[in-house]
Structure formats: C-alpha cells, structure tokens
Amino acid sequence: MLIYQTESVEQTQRVAKALGSMVQPGDLICLSGDLGAGKTTFTQGLACGLGVEEPVSSPTFTIIKEYDEGRIPLYHMDIYRLGERAAEEELGLDDYFFGAGVSVVEWAEWLEEVLPADRVQVMLQNLSAEGRKITFTATGPRSEARLKELNEACPTSR
Ligand code: ADP
Ligand code: MG
C-alpha cells in the first residue's frame with residue numbers, strides 16, 4: 001500500500017503523471033472516491049505522463065473515451081452513469097482491459113465482478129478543500145511492480 005497526501009491539483013497530478021510514465025499495455029488503474037474527489041483530475045495527470053496533449057475530461061455520457069497520441073493508448077472509462085447495472089451491460093470492456101493500452105476506470109467499484117484481478121486500486125479522499133489522501137493498493141504481481149516503481153519515483157515523505 002502506498003499513501004500520499006496532496007495539497008493541490010498540481011501535487012495530485014504530479015503523482016499521477018509519474019504513474020503515467022510507467023504504465024504498460026494491459027495495466028488497469030481503478031479510481032474510486034466521491035464526486036469531486038479528484039478521479040478525473042488524477043486521470044489528466046496520468047494522461048500527461050503518457051504524453052497525451054489533448055485535454056482529458058470526464059467521459060460520463062460516453063462511458064469510454066480513447067486517447068491515442070501518447071506512448072501507449074489510454075482508455076478512460078467513467079462508469080458513474082451506469083451505476084449498479086454496470087456489470088450487467090455488454091460494454092465489450094475486455095477489448096480494452098486486454099488491449100494495447102492502459103485502462104483507467106472511474107467508479108470501478110460498480111464493475112468489481114468483471115474486472116481483471118490484477119489492478120492498481122486508487123482511493124481518493126477529501127481531507128479539505130484542496131487536501132486529498134490518495135491510497136494505492138496493488139492486487140497482484142503486475143500492479144505490485146508498478147507501485148514499487150512509483151514509490152521509488154515519488155517517495156511519500158516530501
Ligand atoms: P471526480 O472525477 O472524482 O468527480 P474531479 O477530478 O472532476 O473529481 O474534481 C476534483 C475537483 O477537486 C476539481 O475541481 C479540482 O480542482 C479540485 N481539487 C482541489 N484540490 C485537489 C487535489 N489536491 N487533488 C485533486 N483535485 C483537487
Ligand atoms: Mg470524474
């Protein structure tokens with residue numbers, strides 16, 4: 001487990017950007033936390049680390065948006081609109097999860113049953129207006145390797 005406390009959007013995006021520079025095809029990053037916790041903000045930082053210059057916004061109404069201009073493709077998904085029905089929908093998500101890019105899923109908790117087992121879980125919590133606690137958890141060897149690298153690039157004691 002890896003825990004960061006950030007005091008600004010820039011600090012959150014710095015950690016996310018570092019992760020974006022490390023992710024590999026087939027990686028899955030699951031973001032959870034309340035509305036406004038910073039899931040989309042985090043995804044923007046990760047996209048920056050991949051070299052995506054196009055602005056990243058929440059794909060709430062499209063569910064999935066793909067960005068192809070970075071080091072590897074970014075599949076940004078936002079499950080919020082589907083809610084508890086999400087796991088029953090035929091979304092064809094495996095094409096993304098096992099594709100050539102990295103999948104970043106907002107509200108991944110609604111997809112629990114259909115997600116690949118090895119993923120980086122990112123929990124964002126509001127501490128104050130600009131303060132956030134970001135907890136990273138690995139659930140397998142692939143995600144474990146990513147968090148080890150992140151810990152080396154971004155030591156938690158600032
Ligand atoms: P979500 O996708 O989780 O609903 P957003 O990323 O859309 O959340 O919104 C997060 C909001 O919180 C933005 O308005 C952002 O400017 C603000 N914010 C303030 N401080 C932080 C921080 N430390 N990290 C991330 N976002 C922050
Ligand atoms: Mg969002």
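Are Thr-40 and Glu-106 buried or exposed? Both residues are buried (under 20% relative accessible area; exposed is over 50%, partly exposed in between, with a 1.4 Å probe and protein chains only). The views below come from a predicted model, in which local features need pLDDT of at least 70, side-chain atom pairs count only at pLDDT 80 or more, and totals for chains, interfaces and linings use all residues. Residues are numbered from 1 along each chain as its sequence is written, chains are lettered from A and ligands numbered from 1 in the order in which they are written, and side-chain values use heavy atoms, with hydrogens and water left out.

**View 1. The magnesium ion (ligand 2) and its protein donors.** Thr-40 gives OG1 and Glu-106 gives OE, lying 2.2 Å from the ion. Donors are N, O and S atoms within 2.8 Å of the metal (3.2 Å for Na, K and Ca); water is not among the atoms, so sites may look incomplete. Thr-40 sits in helix 2 (residues 39-50) and Glu-106 in strand 5 (residues 102-106). The pair links distant parts of the chain, 66 residues apart. Helices (H or I, at least four residues) and strands (E, at least two) are DSSP runs, numbered from the N terminus.

**View 2. Polar contacts of ligand 1.** A polar contact is a pair of N or O atoms within 3.5 Å. The side chain of Thr-12 places an N or O atom 2.7 Å from a nitrogen atom of ligand 1. Ser-8 has a backbone N or O atom 3.0 Å from a nitrogen atom of the ligand. At Thr-41, a polar side-chain atom lies 2.6 Å from a ligand oxygen atom. On its own, ligand 1 has 580 Å² of accessible area (Shrake-Rupley method, 1.4 Å probe), and the protein covers 75% of it.

**View 3. The shell around ligand 1.** The ligand is surrounded by 16 residues, each with a heavy atom within 4 Å. Among the closest are Gly-36, Lys-39 and Glu-130. Helix 2 provides the largest share, three residues. The shell divides into four nonpolar, seven polar and five charged residues; Asp, Glu, Lys and Arg count as charged, and Gly is among the polar ones.

View 4. The structure holds zero disulfides (cysteine sulfur pairs within 2.5 Å). For Cys-30, the closest cysteine sulfur, in Cys-154, is 20 Å away, too far for a bond. Cys-48 is 13 Å from its closest cysteine sulfur, also in Cys-154, and therefore too far for a bond. Cys-30 is buried at 2% relative accessible area. Cys-48 is partly exposed, at 40%.

Key: Polar contact = N/O pair within 3.5 Å; in protein donor to acceptor, adjacent residues only side chain to side chain.
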